[in-house]
Amino acid sequence: FLNQGAKEFIGKSYPLASAIKDGQGQVKIGDTVWPVKSDQALKTGEMVTVHRVDGIVLYVSKKGEKHVS
């Protein structure tokens with residue numbers, strides 16, 4: 001079940017596969033590209049930590065910073 005599988009990413013960090021612009025970007029985990037949302041503008045390659053999962057969307061913030069959302 002996809003939603004349950006995504007919950008295993010909470011607390012883990014990954015590099016951004018695409019920059020976060022207008023609150024949205026992507027990370028690649030294994031062979032899968034996941035949509036991410038953040039209130040931070042971050043560049044491709046920056047490390048982000050997953051804080052919450054809603055469906056297939058991962059909510060992230062820059063690694064080492066506390067998340068706001």
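**Close-up views of a predicted model**

**View 1. Phe9 is a buried residue.** Phe9 has a relative accessible area of 8%, so this residue counts as buried (under 20% relative accessible area; exposed is over 50%, partly exposed in between; 1.4 Å probe, protein chains only). The model is predicted: local features need pLDDT of at least 70, side-chain atom pairs count only at pLDDT 80 or more, and totals for chains, interfaces and linings use all residues. Residues are numbered from 1 along each chain as its sequence is written, and side-chain values use heavy atoms, with hydrogens and water left out. Leaving aside residues up to four places away in sequence, Phe9 touches Tyr14, Ile29, Trp34, Val50 and Leu58 (contact: heavy atoms within 4.5 Å).

**View 2. Ring pairs link Phe9, Tyr14 and Trp34 into a cluster.** The count of aromatic pairs is 2 (ring centres of Phe, Tyr and Trp, the last by its six-membered ring, within 6.5 Å; planes under 30 degrees apart are stacked, over 60 edge-to-face, the rest tilted). Phe9 and Tyr14 pair edge-to-face, at 5.9 Å centre to centre and 85° between the planes. Phe9 and Trp34 have ring centres 5.1 Å apart and planes at 75°, so this pair is edge-to-face. Phe9 lies in the loop between helix 1 (2–6) and strand 1, and Trp34 in strand 3, so the pair ties together parts 25 residues apart in sequence (helices, H or I, of at least four residues and strands, E, of at least two are DSSP runs numbered from the N terminus). Tyr14 is buried. Trp34 is buried too, at 7% relative accessibility.

**View 3. The largest nonpolar core has 15 residues.** Such a core is a set of buried Ala, Val, Leu, Ile, Met, Phe, Trp, Tyr and Cys residues joined through side-chain atoms within 4.5 Å. Phe9, Val27 and Leu58 have the most contacts inside this core. Strand 1, strand 2, strand 3 (32–37), strand 4 and strand 5 (57–62) each give two or more residues to the core.

**View 4. Strand 1 pairs with strand 2 and with strand 4.** Strands pair if DSSP finds at least two bridges between them. Strand 1 (residues 13–21) and strand 4 (residues 47–54) are antiparallel, with 3 bridges. Here Pro15 stands opposite Met47. Strand 2 (residues 24–29) also runs antiparallel to strand 1, again over 3 bridges. Leu16 has Val27 as its bridge partner in strand 2.

**View 5. Asp22 lies in the loop between strand 1 and strand 2.** This hairpin has 2 residues between the strands. Asp22 takes a phi near 55°, a positive value in a residue other than glycine. Asp22 is exposed, at 81% relative accessibility.
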